[in-house]
Amino acid sequence: MQRPGITRERLVGLCMLGALLFSPALISLFDRGGSTTFFGVPVLLVYLFGVWGGLILVAAILIIRRYYEISDPIDLNGED
């Protein structure tokens with residue numbers, strides 16, 4: 001069992017990572033003006049939507065994992 005508040009701390013860290021990944025300094029690395037493509041899609045769009053989808057996926061995993069830990073309470077009475 002995790003300590004209380006760890007999920008909240010991880011989500012805050014995920015938001016901070018998202019702010020870093022969407023910073024103009026990193027976005028400018030992938031801005032090639034549409035000349036460089038990945039399967040016909042500009043690299044900038046692949047980066048933006050890939051990071052966005054990845055952040056949503058990690059947040060969903062954190063929240064769902066926490067939900068299953070909370071929804072399985074310990075039975076102190078010994079009854080089924």
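Predicted model: local features only at pLDDT ≥ 70, side-chain atom pairs only at ≥ 80, totals over all residues.
Start inside. The largest nonpolar core has five residues: L14, Y47, V51, L55 and A59. Four of these, the largest share, come from helix α3, residues 43–70. Take L55. Leaving aside residues up to four places away in sequence, L55 touches L14, G18 and F22.

F22 takes us to the surface. There, F22 belongs to a nonpolar patch with F38, F39, V41, L45, V46, F49, W52 and I56. Together they have about 920 Å² of accessible area. Helix α3 gives the largest share here too, with five residues.

Now the rings. How many aromatic pairs does a search of the whole structure find? Three. I will show two.

One is F38 with F39. Their ring centres are 4.8 Å apart. The planes stand at 75°, over the 60 degrees needed, so this pair is edge-to-face. F39 is in the loop between β1 (37–38) and β2 (41–42). Buried or exposed? F39 is exposed, at 78% relative accessible area. F38 is partly exposed, because its 47% falls between the 20% and 50% limits.

The other is F49 with W52. The ring centres lie 5.9 Å apart, with planes at 65°, so this pair is edge-to-face as well. Both sit in helix α3, three residues apart, so about one helical turn separates them. F49 counts as exposed because its relative accessible area, 53%, is over 50%. W52, at 48%, is partly exposed.

To close: F38, F39, F49 and W52 are among the residues of the nonpolar patch.

Technical notes
Residues numbered from 1 in each chain as written. Heavy atoms only, no water. Core = buried A, V, L, I, M, F, W, Y, C linked by side-chain atoms within 4.5 Å. Buried < 20%, exposed > 50% of the residue type's maximum accessible area, 1.4 Å probe, protein only. Helix = DSSP H or I, 4+ residues; strand = E, 2+ residues; numbered from the N terminus. Contact = heavy atoms within 4.5 Å. Patch = residues over 30% accessible without salt bridge, like charges linked within 9 Å, V, L, I, M, F, W, Y side chains within 5 Å. Areas by Shrake-Rupley, 256 points an atom, 1.4 Å probe, with all protein chains shown as cover. Salt bridge = Lys/Arg side-chain N within 4 Å of Asp/Glu carboxyl O. Phe/Tyr/Trp six-rings, centres within 6.5 Å; stacked < 30°, edge-to-face > 60°.
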